[in-house]
Amino acid sequence: MAVLTYRDALTQALREELQRDDRVFLMGEEVAQYNGAYKVSKGLLDEFGPMRIVDTPITELGFAGVGVGAAMVGLRPIVEFMTWNFALLALDEVVNVAAKTLYMSGGQYKMPMVFRGPNGAALQLAAQHSQAWESWLAHIPGLKVCTPGTPADAKGLLKSAIRDDNPVVFLEGEMLYNTKGEVPEGEHIVPIGVADLKREGDHCSLITHGKMALVAMRVADDLAKEGINIDVVDLRTVRPIDVEAIARSVQKTNRAVVLEEGWEICGMGAQVVDFIQRECFDDLDAPVLRVHQEEVPMPYAKNLERAAKPDAGKAVAAIKKVMYLD
Amino acid sequence: MATKVVMEALSPTMEEGRLVKWSKNEGDQVKSGDVLAEVETDKAVMELVARGDGVLRKRLANEGDASPVGTLLAVIAAPDENIDSIVGSAGAAAPPAAQASQSAPAEQTAQAGSASPAKAGAPNQAVADTRESAGRSSVPQSPAQSQGEASTPPQQKAGAQAPAPPPPSRPAAPPRPTAGPPAAPRGNGASHPAAPAGGRQRTSPLARRLATERGIQLGGIQGSGPGGRIVKRDIENAKAAGGGAGRSAAAERLATEGDFKDVPLTQIRKTIARRLSESNGPVPTFFLTAEFDATRAAELRTQLSEMGDQYKASFNDIVIKAVALALAEHPEVNAHWLGDKIRNFNRIHVAMAVAVEDGLITPVLFDADRMTLWEISAKAKDLAKRARERKLLPEEYTGSTFSVSNLGMFGIDQFTAIINPPEAGIIAIGGVEEKPVVIDGQLEVRQRMRVTMSCDHRVIDGATGAKFLQTVRRYIENPLSLII
C-alpha cells in the first residue's frame, strides 16, 4: 500500500472523482492557478481545465451561493474554503440554503455538494484563525460532517462525500496535510457515519475525531508503555455519529474520556457523553471526562497557545483519573 | 410569646402526616400564614402554615418523619426568648387550634430519602440536599407520584447503616482494576475524602450492577473511589474476599442488596392496609379465578415425553415456569408485606407446596425464571422426593417470594390457597380436564385448567392481580414461549 500525505490522499480522491463524474467540479480561492492555498488541488487545473477547476474572488458567501445554485441544477460542486474561519461569512448559504433546500422544496432539489477546507488551530494563527467549528456544523439537521484524521480516512471519506446527494461539510486540518499514512489505491471508500477503532485495549475508551485522532494514538502508545491499554475510537464523522461503536467500546472498558479540539461548552464531547450516559449507564465505573481546548480565545503567544490546546498529556491524566489511578 | 407548630389535621380523616419538606430553616423570620412545611396526608400533599410571628427557632421533626396529629414539629419565638421548656415538652401534644384549608401545592417535592437525624443543621448536608431537590422541584407531582419518588434506593439504605466511612488514606497496596496494568500508579499516597456521614453510599453504576449480578451486599464494602465511591475493583476485591459467602442461606439470599426494592408506604397505602385488615383478618385476601386453555400445554407435554424421559415435564413444572416468567414482568406481585413497607423482589424464588405425611412443606425453586423447564422439572422432582423423606435443609424451604399450590393430581377442579405471609400471593392450580368449550360459535372439546390466585390486598390490587394472571395465561396458552 502506498504511503501518502494527507494532502496527496485528498488530491487523489479529488482527481479520481473528477475523472469518474464530469458533473464534479472544484471552486474556491486560489484553487486553480496557485494549485490551492495548501496545494490540495495541485495539478488539477492542468488536467481538468478552467471549467472544472475554478478560481473565485475573495467572496466566501458569493461562491458558496454559486455552488448551491450549481448543485440545485444537477452539478456536484466541491467548494473549498481557504479555512473554515473564513467560511463563517458563508454560513448562511451552508446552514440556511444547502442544509434546508431538500426539505423546504419537498424533496424536489437535492444538494449534492461538498464544503471543504482546514478546520481548527494550526500554530500561532491567533484567536480568529484557530477555531474548530465541528460542533456548530454538526448541530444542523440536513448537513453531514466528516472529520478525517488520517490520509486513508481523508481519501475514503472525501470520495463518499462527493458521491453523497446531501451537502457534506468536510473538515481537514492545516497540521494534518503533511502527515503520512498508508492509503489504499483506487476505489477506497469510507462510509459516512462509521467510526474506526484505531487502537484496541480493555482499560479505557478514548473517543475522538479529526486532528485529535493522531494525538489519541500517541496517548495509546504512551500508556501502553505503562501497561495501560486503551481503545481509541475515531468517530471520523461527527454527524451522524456512530453511537454503536461508542457503546461497544464503553461497554467493554467501563470508562471513557472524550478528546476534541474545540471548546467545552456544547462541544462534540458533550454530545458523546450524552450518548454514553444513555447507552452505557450501567456499564460505567467512573464519570466520563472530557479533554478540550481551554475556555479562552486561542492565545497568540506560543506558551499560552500550548497551554490552551488539548494534548496528549492532558488526555493521559484524564484517563488515569477515570481509572482511579491518580 | 412563643408559638408551637404542631402537625395539624389537614384533612378530616387525617391521623398522621409525613413531613415531606421544610420550607423554612431554623433562624428564618416567619409571619403568620407563611408556609413552613409540606405535609403528606392520607389524601394529598398540603401546606403547613405558621400560626404566629417570629423566628423559626427550632425544628423538631425531620423531613420524611411521619408524626401523629398534634405532635410538636417546631417552635416560633422571639430571637432571644427562652424556649427550652417548650422544646423539652416535645411529645406532649397540643391539639391543633385551626383548621387548614389550603390545597396541595403543585410544586411539591417528595421526601429526598434523607431521613437521617444527623442531617438538620449540617451545612454540607444541606448543600447536598439542595442539589438533590433542585432537579425535582420543577416537576409537578401528585401525591400518587410522590409514592414512587419517596422510595429509597437500596444502596442508599445500606449507606445509612454502613459502618463509619473509610479512613482518608488509601491502603498501601491499592486494589487495581481488573487485569490492571503492571505499572505503579502515580500519586499512590493520594487520599480520597471520606463519604459524608449519614450521606448516601456512592456506587458507580457498573459496581452496582456487578454487585447485583454476583449477589454481593454493598453495605459491607468500603469504596475506594472519590468520596468513598464503590467502584468495580471494590466489587472484585469483595468477591475475592468472599463477600458473597453465605449466599446459599435463604435469609442472605433475600437480603442481598439490589435484589429487591423497598417501597415506603404512602398514607393512602397505609389507610388501605389498615381498613382492609380490620374487615378481613390479618391478611385481607381476595381471590381471582380464571380458566386457562391447556390444550397446547398438554400437546407439548406429549411431544416432550415422546422425545425421551429427559425431556418430560409435568403440568406443575409448566405452571411454575409460567408463573416465574410472569412474575418477572410483574415485580409488584413478587413482593412481601413487611408492615411498614412493601418489598418488591427483583429475583424470583417460587415455592411449591408439597404434601408430606403429617402436613405440607414448601420447598423453593430459587431464580425459577432463569431455569429452563427441564431444570425446573428435575429440581422440583428432587425437592419433592426429599421433602417426603424429610431431608430438606432449612434454606431449601425458606426465602420464597411467591408460591404455587397444585391439587390437580387429586382431581380437584378449583380451590383457594392460603397466602404464606409475608408473601403477597399464591396461585392454586386445579386439574387439567377435557371440557366442552364454545370457540367462535363452535362446540369443541378442549383441555382446561382452573387457576385461582389469592392476593394480599394490602400489596396487590384487583387490577394488578388480574393483569398478572393475564400474563400467566399468555404463557400457559402459548407454551412454546416457556421452552425457547
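These are legends for several close-up views of a predicted model.

**View 1. Chain A as a whole, for orientation.** Of its 326 residues, 54% count as buried. If you take the contacts in chain A with a separation of 6 or more, 79% of them come from residues 24 or more positions apart.

**View 2. Helix H1 of chain A and what it packs against.** H1(A) covers residues 6–20.

**View 3. Helices H3 and H5 of chain A, side by side.** H3 (residues 60–72) and H5 (residues 91–98) of chain A have axes 8 Å apart and pack at an angle of about 30 degrees. Angles under 35 degrees count as roughly parallel, so that is the label for H3(A) and H5(A). On the H3(A) side, the contact is made by A:Leu61, A:Ala64, A:Gly65 and A:Val68. These meet A:Asp92, A:Glu93, A:Val94, A:Val97 and A:Ala98 in H5(A). Sorted by type, the residues of this contact come to 6 nonpolar, 1 polar and 2 charged.

**View 4. A:Val194 in its loop.** Look for A:Val194 between strands E8 (180–183) and E9 (196–199) of chain A, in the loop. Is A:Val194 buried, exposed or partly exposed? A:Val194 has 15 C-beta neighbours inside 10 Å, so it counts as partly exposed. Leaving aside neighbours within four places in sequence, A:Val194 is in contact with A:Arg236 and A:Asp242. For A:Asp234, which is 40 residues away from A:Val194 in sequence, the C-alpha to C-alpha separation is 9.1 Å.

View 5. The peptide bond between A:Arg239 and A:Pro240 is cis, with omega about -5 degrees. A:Pro240 sits in the loop between strand E12 (237–239) and helix H10 (243–253) of chain A. At the loop between H10 and strand E13 (256–259) of chain A you'll find A:Asn254, a non-glycine residue with a positive phi near 70 degrees. A:Asn254 counts as buried because it has 27 C-beta neighbours inside 10 Å. The other positive phi to check is that of A:Gln124, near 50 degrees, again in a residue other than glycine. A:Gln124 belongs to the loop between strand E5 (114–118) and helix H7 (134–138) of chain A. With 13 other C-beta atoms within 10 Å, A:Gln124 is partly exposed.

**View 6. Helix H12 of chain B, one face in and one face out.** H12(B) runs over residues 462–477, 16 residues in total. From first C-alpha to last, H12(B) reaches 22 Å, close to the 22 Å expected at 1.5 Å a residue. Its buried residues are B:Gly465, B:Phe468, B:Leu469, B:Val472, B:Tyr475 and B:Ile476. Down the axis of H12(B), the buried residues fall within an arc of 115 degrees, so they line one face of the helix. B:Ala463 and B:Gln470 are exposed on the other side of H12(B). The buried residues of H12(B) pack against several elements of chain B, including strand E10 (285–293), helix H9 (295–307), strand E19 (442–456) and helix H13 (480–483).

**View 7. B:Val333 and its contacts in chain B.** B:Val333 is in the loop between H10 and strand E11 (335–337) of chain B. There are 28 other C-beta atoms within 10 Å, so B:Val333 is buried. Not counting residues up to four places away in sequence, B:Val333 touches B:Thr464, B:Gly465 and B:Phe468, among others. Also in the set that B:Val333 touches are B:Leu327, B:Ala424, B:Gly425 and B:Ile460. B:Arg343 is 10 residues from B:Val333 along the chain, and their C-alpha atoms are separated by 9.9 Å.

**View 8. A cis bond between two prolines in chain B.** The bond from B:Pro421 to B:Pro422 is a cis peptide bond, with omega near 5 degrees. B:Pro422 lies in the loop between strand E17 (402–406) and E18 of chain B.

Definitions and conventions
Residues numbered from 1 in each chain as written. Chains lettered and ligands numbered in written order. Predicted model: local features only at pLDDT ≥ 70, side-chain atom pairs only at ≥ 80, totals over all residues. Helix = DSSP H or I, 4+ residues; strand = E, 2+ residues; numbered from the N terminus. Expected span 1.5 Å × (residues − 1). Buried ≥ 20, exposed ≤ 12 C-beta atoms within 10 Å, placed from the backbone. Arc of directions from axis to C-beta. Contact = placed C-beta atoms within 7 Å. Axes fitted to C-alpha atoms, helices over the stretch in contact; angles between N-to-C directions. Parallel < 35°, antiparallel > 145°, perpendicular 65-115°, else oblique. Nonpolar A, V, L, I, M, F, W, Y, C, P; charged D, E, K, R; others polar.
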